[in-house]
Structure formats: structure tokens, C-alpha cells
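The views come first, then the details.

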Amino acid sequence: MHVAVLGAGTMGQGIAQVAAQAGHDVVVRDIESEYVDDGIDEIESTLAAGVEREKVTPDAKSATLDRLSGTTDLEMAVEDADIVVEAVPEDVELKQETFASVEDVAGSETLIASNTSALSLTEIASVLERPERAIGLHFFNPVHLMALVEIVVPEQATDETVGTAREFVEGIEKTPITVRDSPGFASSRLGVALGVEAIRMLETGVASPRDVDQAMTLGYNHPMGPIELTDVVGLDVRLDILEHLREELGERFKPPQLLKQKVRAGKLGRKTGEGFYVWEDGEVVGVSGDTTSSVGAGQ
């Protein structure tokens with residue numbers, strides 16, 4: 001199968017990697033050659049780390065990289081693709097423009113998928129002449145480690161489209177769940193509900209970030225606490241999702257002021273080196289000094 005991934009950022013890198021590891025020929029496309037090169041370099045680094053941990057064999061690393069290529073040419077990326085997965089920023093108009101551009105040059109049977117984590121697939125797909133071939137494939141970060149892919153079914157999708165999407169997800173050794181297109185789907189809606197309450201607890205001094213996170217990792221066996229996860233996902237991404245859900249579902253998703261302040265300050269989490277925690281080389285090394293908590297945010 002030929003797979004085109006549009007967007008060489010964190011999610012695009014992960015999707016491209018797992019598709020290539022599963023044996024598919026993958027083209028990564030972005031608007032600047034620098035972005036493409038950086039994305040493929042990051043995939044190589046992730047695979048190298050897997051080799052060091054003995055999770056990936058050297059032969060598997062080489063074979064995966066051999067199946068990967070990059071381009072800035074949209075037509076070259078998608079003209080022979082069986083499936084196109086866009087992983088561009090979370091903006092409805094941008095995703096619609098991307099879908100429309102793909103349809104102009106892709107084959108008539110190409111599956112067109114979006115990796116959106118919360119936006120309406122029905123609205124995104126509405127710009128297509130054949131919206132029945134659109135689907136949502138919501139991957140989770142880090143893609144190469146997370147088992148889940150949420151298949152989001154827009155109003156226009158056919159059973160054949162859903163079946164093809166499920167076959168693809170299972171073929172890259174991920175576990176699919178299928179949800180109807182609705183605000184926040186299942187995963188984002190549940191995830192941000194927990195995350196927003198955790199941030200409110202910081203605002204009101206209920207507990208420190210580490211203690212809030214340990215309440216969930218040790219008490220509920222979550223692999224990562226909601227504050228750390230917010231840093232990993234990106235505070236700006238969480239804020240965008242909350243604002244979208246507030247508009248669609250009401251005030252229970254109102255973003256906390258603390259979250260807004262950090263985004264305004266450019267403290268977006270792991271990707272900027274500071275969010276609710278301080279990060280170095282992808283690891284937590286401390287707690288941000290301006291994280292509100294009367295019980296010792298710096299513990």
C-alpha cells in the first residue's frame with residue numbers, strides 16, 4: 001500500500017514511521033524542504049533509540065527508512081497513494097483546504113483521512129466532491145508507542161470507507177475503536193475533561209502537579225498523569241480543544257485561566273522546555289515556578 005502523510009511534525013512523523021514499519025511505502029510531504037528533512041531525521045532518531053533499547057532490529061530500522069521518502073510536492077506525494085493522512089495544524093479551514101487540494105490530484109479511490117483530535121470530520125469532509133471517502137484516523141502521541149487509533153466516522157462516510165480504515169489500522173498493528181463524529185469524539189472529550197479538572201486543582205491549591213499526577217498514575221494505574229500529559233500533548237493544543245468543546249458543549253469545558261496564562265507566555269510544555277513542568281531532553285527535571293499551588297508546586 002502507498003501511504004502519503006501530509007505534515008512532518010510530531011504526529012506526521014509518528015504516523016509515517018508506523019506505516020513504513022508495517023511494510024507500506026510512505027511519502028512525507030510538508031510545505032518546506034527543511035520541515036521534511038527534519039521530520040525524517042526525527043524518525044531515524046526514534047528508530048535508532050529503538051535499536052538501542054533492543055525494541056527494533058538494525059535490519060528493521062534500515063528497511064523502514066528505505067520505505068520512507070519526502071517531498072514538498074503535493075501531487076507527487078498523493079497521486080499514487082492508496083491512503084492520504086493529513087496531520088496539519090488543528091484549523092478547520094486549513095484542513096478543508098488540504099482535503100480539497102488532495103482530491104484534485106489523488107486517485108478516485110484514494111482514502112482521505114484526517115488526524116484531527118477534536119474537529120468535526122463531517123465539516124472537514126463537506127468540501128469534497130466525494131465526501132464518502134473521508135474518514136478520521138486519530139492517532140495518539142507518541143504514535144510508535146500508543147496502541148490506539150480512533151476511527152471517526154463522518155456523516156458522509158460509507159461502510160466500505162470505514163472497513164478500509166479499520167483494515168489499515170489493524171495492518172499497522174494498532175487497535176481501532178470506532179466513534180461517531182461528535183465534538184471531541186470519545187478520547188479527546190474524556191481526556192480533556194480529566195485534564196481541565198486537574199488544572200483547576202492546581203489553580204485552587206488542592207495539590208502540586210506531581211501529587212495530582214501520582215493520584216492518577218498510582219491510584220488509577222494511568223501510565224501518565226493528566227498534568228504531565230498536558231505538557232506532552234502541548235498546552236496550546238489542549239487550549240484549542242477546550243475552546244472548541246466549550247463552544248460545542250458548554251461551560252464545563254471553559255479553559256482555566258492558568259492554562260491561558262501559560263500559553264500566552266509561550267510555555268507550551270515539553271516542546272518548548274516548560275509548561276507545568278520543566279523539561280530537558282524530553283524528560284521532566286522540575287516543576288515550573290509559576291504553576292499555582294499553595295501546597296508546594298516546586299516539590
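The end C-alpha atoms of residues 184-279 lie 28 Å apart. The span is 59% helix and 3% strand, where helices (H or I, at least four residues) and strands (E, at least two) are DSSP runs numbered from the N terminus. An unreviewed UniProt entry annotates residues 184-279 as "domain: 3-hydroxyacyl-CoA dehydrogenase C-terminal"; such annotations may be inferred rather than shown by experiment.

This is a predicted model: local features need pLDDT of at least 70, side-chain atom pairs count only at pLDDT 80 or more, and totals for chains, interfaces and linings use all residues. Residues are numbered from 1 along each chain as its sequence is written, and side-chain values use heavy atoms, with hydrogens and water left out.

The axes of H10 and H11 come within 6 Å and cross at roughly 100°. Axes are lines fitted to C-alpha atoms over the stretch in contact, with angles from 0 to 180 degrees between N-to-C directions. H10 is therefore roughly perpendicular to H11 (65 to 115 degrees). Contact means heavy atoms within 4.5 Å.

| Helix | Residues | Residues in the contact |
|---|---|---|
| H10 | 226-233 | Pro226, Leu229, Thr230, Asp231, Val233 |
| H11 | 235-249 | Leu235, Val237, Arg238 |

Ser187 sits in helix H8 (residues 187-203). Is Ser187 buried or exposed? Ser187 is buried, at a relative accessible area of 19% (buried is under 20%, exposed over 50%, with a 1.4 Å probe and protein chains only). Beyond neighbours within four places in sequence, Ser187 contacts His138, Phe140 and Glu150.

Terms used: Angles under 35 degrees count as roughly parallel, over 145 as roughly antiparallel, 65 to 115 as roughly perpendicular and the rest as oblique.
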